Amino acid sequence: MVSGCVLEWVKDYLVNREKSHTAPVISGIPQGTCLGPLLFVIYINDLLDEVDSDGFLFADDTKIFRKIMSVDDAKMLQLDVRKLENWSKEWLLKFHPN
(Lines give C-alpha, C1' and ligand atoms only; values in the text may rest on other atoms or scores of the structure.)
Protein backbone atom coordinates (compact mmCIF):
# COMPACT_ATOMS: atom_id res chain seq x y z
CA MET A 1 0.00 0.00 0.00
CA VAL A 2 1.26 3.47 -0.86
CA SER A 3 0.87 6.15 1.79
CA GLY A 4 2.47 9.23 3.29
CA CYS A 5 4.95 11.25 1.26
CA VAL A 6 5.04 8.73 -1.59
CA LEU A 7 1.25 8.91 -2.00
CA GLU A 8 1.38 12.71 -2.03
CA TRP A 9 4.20 12.62 -4.59
CA VAL A 10 2.22 10.34 -6.95
CA LYS A 11 -0.98 12.39 -6.46
CA ASP A 12 0.91 15.60 -7.25
CA TYR A 13 2.27 13.93 -10.39
CA LEU A 14 -1.18 12.88 -11.62
CA VAL A 15 -3.28 15.92 -10.64
CA ASN A 16 -3.33 19.37 -12.27
CA ARG A 17 -1.30 18.36 -15.30
CA GLU A 18 -1.21 20.53 -18.39
CA LYS A 19 -4.13 19.58 -20.58
CA SER A 20 -3.89 18.58 -24.24
CA HIS A 21 -6.44 17.15 -26.67
CA THR A 22 -8.57 14.67 -24.75
CA ALA A 23 -9.48 11.19 -25.90
CA PRO A 24 -11.25 8.41 -24.05
CA VAL A 25 -8.89 5.74 -22.70
CA ILE A 26 -9.56 2.68 -20.57
CA SER A 27 -6.24 2.69 -18.74
CA GLY A 28 -2.77 4.14 -18.75
CA ILE A 29 -0.48 6.75 -17.33
CA PRO A 30 0.56 10.18 -18.63
CA GLN A 31 2.81 9.80 -21.66
CA GLY A 32 6.18 11.43 -22.27
CA THR A 33 7.32 11.57 -18.66
CA CYS A 34 10.24 10.16 -16.70
CA LEU A 35 8.00 8.91 -13.92
CA GLY A 36 5.54 7.14 -16.25
CA PRO A 37 7.77 4.13 -17.03
CA LEU A 38 8.65 3.73 -13.35
CA LEU A 39 4.98 3.69 -12.35
CA PHE A 40 4.28 1.12 -15.09
CA VAL A 41 7.08 -1.16 -13.86
CA ILE A 42 5.77 -0.89 -10.30
CA TYR A 43 2.26 -1.68 -11.57
CA ILE A 44 3.33 -4.90 -13.35
CA ASN A 45 6.04 -5.95 -10.89
CA ASP A 46 4.07 -8.96 -9.57
CA LEU A 47 2.93 -10.19 -13.00
CA LEU A 48 5.09 -13.34 -13.01
CA ASP A 49 4.85 -14.11 -9.27
CA GLU A 50 2.26 -16.90 -9.65
CA VAL A 51 3.66 -18.31 -12.91
CA ASP A 52 5.62 -21.59 -12.72
CA SER A 53 7.10 -21.30 -16.23
CA ASP A 54 10.15 -19.18 -16.93
CA GLY A 55 9.42 -15.63 -17.99
CA PHE A 56 10.83 -12.25 -18.89
CA LEU A 57 9.47 -8.72 -18.53
CA PHE A 58 11.04 -6.04 -20.69
CA ALA A 59 9.44 -2.60 -20.93
CA ASP A 60 5.85 -3.47 -21.94
CA ASP A 61 6.70 -6.91 -23.33
CA THR A 62 6.01 -10.14 -21.43
CA LYS A 63 7.18 -13.59 -22.43
CA ILE A 64 6.74 -16.93 -20.68
CA PHE A 65 8.27 -20.18 -21.84
CA ARG A 66 8.84 -23.75 -20.77
CA LYS A 67 10.58 -26.75 -22.27
CA ILE A 68 7.85 -29.11 -23.44
CA MET A 69 8.91 -32.71 -22.81
CA SER A 70 5.51 -34.15 -21.98
CA VAL A 71 1.79 -33.46 -22.09
CA ASP A 72 2.05 -32.30 -18.48
CA ASP A 73 4.59 -29.63 -19.49
CA ALA A 74 2.18 -28.33 -22.13
CA LYS A 75 -0.64 -28.28 -19.58
CA MET A 76 1.54 -26.35 -17.12
CA LEU A 77 2.35 -23.73 -19.77
CA GLN A 78 -1.34 -23.38 -20.63
CA LEU A 79 -2.17 -23.01 -16.93
CA ASP A 80 0.40 -20.21 -16.68
CA VAL A 81 -1.15 -18.45 -19.67
CA ARG A 82 -4.49 -18.61 -17.86
CA LYS A 83 -2.88 -17.20 -14.71
CA LEU A 84 -1.59 -14.24 -16.74
CA GLU A 85 -5.04 -13.79 -18.25
CA ASN A 86 -6.57 -13.70 -14.77
CA TRP A 87 -3.95 -11.18 -13.63
CA SER A 88 -4.77 -8.97 -16.60
CA LYS A 89 -8.49 -9.05 -15.78
CA GLU A 90 -7.89 -8.32 -12.09
CA TRP A 91 -5.55 -5.39 -12.78
CA LEU A 92 -7.43 -4.11 -15.89
CA LEU A 93 -4.40 -4.31 -18.16
CA LYS A 94 -5.10 -6.06 -21.45
CA PHE A 95 -2.49 -8.14 -23.22
CA HIS A 96 -1.92 -7.79 -26.95
CA PRO A 97 -1.51 -11.43 -28.01
CA ASN A 98 0.83 -10.72 -30.92
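E8 is partly exposed, with a relative accessible area of 46%; buried here means under 20% relative accessible area, exposed over 50%, and partly exposed in between, using a 1.4 Å probe and protein chains only. The side chain of E8 meets that of K11 in a salt bridge, 3.7 Å from N to O, where a salt bridge is a side-chain nitrogen of Lys or Arg within 4 Å of a carboxyl oxygen of Asp or Glu. K11 is likewise partly exposed, at 42%. Both K11 and E8 lie in helix α1 (residues 4-14), 3 residues apart, about one turn of the helix. The model is a predicted one, in which local features need pLDDT of at least 70, side-chain atom pairs count only at pLDDT 80 or more, and totals for chains, interfaces and linings use all residues. Residues are numbered from 1 along each chain as its sequence is written, and side-chain values use heavy atoms, with hydrogens and water left out.

The protein has 3 helices and 2 strands, in the order α-α-β-β-α along the sequence. Helices (H or I, at least four residues) and strands (E, at least two) are DSSP runs, numbered from the N terminus. Of the 98 residues, 16% count as buried.

Strands β1 (residues 54-58) and β2 (residues 61-65) run antiparallel and are joined by 5 bridges; two strands pair if DSSP finds at least two bridges between them. D54 has F65 as its bridge partner in β2. The hairpin has 2 residues between the strands, and A59 takes a positive phi near 55° there. A salt bridge joins K63 and D61, with the closest N and O atoms 3.3 Å apart. K63 is partly exposed at 46%, and D61 is partly exposed at 35%.

The structure holds 4 salt bridges. Another of them links the side chains of K83 and D80, at 3.7 Å from N to O. These two residues are 3 apart in helix α3, so about one helical turn separates them. K83 is partly exposed at 26%, whereas D80 is buried at 0%. D52, D80 and K83 are linked in a network of salt bridges.

D80 also touches V51: apart from neighbours within four places in sequence, V51 is in contact with I64, D80 and L84, contact meaning heavy atoms within 4.5 Å. V51, I64 and L84 belong to the largest nonpolar core, whose 6 residues also include I44, L47 and W87. Such a core is a set of buried Ala, Val, Leu, Ile, Met, Phe, Trp, Tyr and Cys residues joined through side-chain atoms within 4.5 Å. In soluble globular proteins, nonpolar side chains tend to be buried together.

W87 is also part of an aromatic cluster with Y43 and W91. Rings of Phe, Tyr and Trp (its six-membered ring) pair if their centres lie within 6.5 Å; planes under 30 degrees apart count as stacked, over 60 as edge-to-face and the rest as tilted. The count comes to 4 aromatic pairs. The rings of Y43 and W91 have centres 6.0 Å apart and planes at 80°, so this pair is edge-to-face. Y43 lies in helix α2 (residues 35-44) and W91 in the segment after α3 (71-90), so the pair ties together parts 48 residues apart in sequence. Y43 is partly exposed at 35%, and W91 is partly exposed at 34%.
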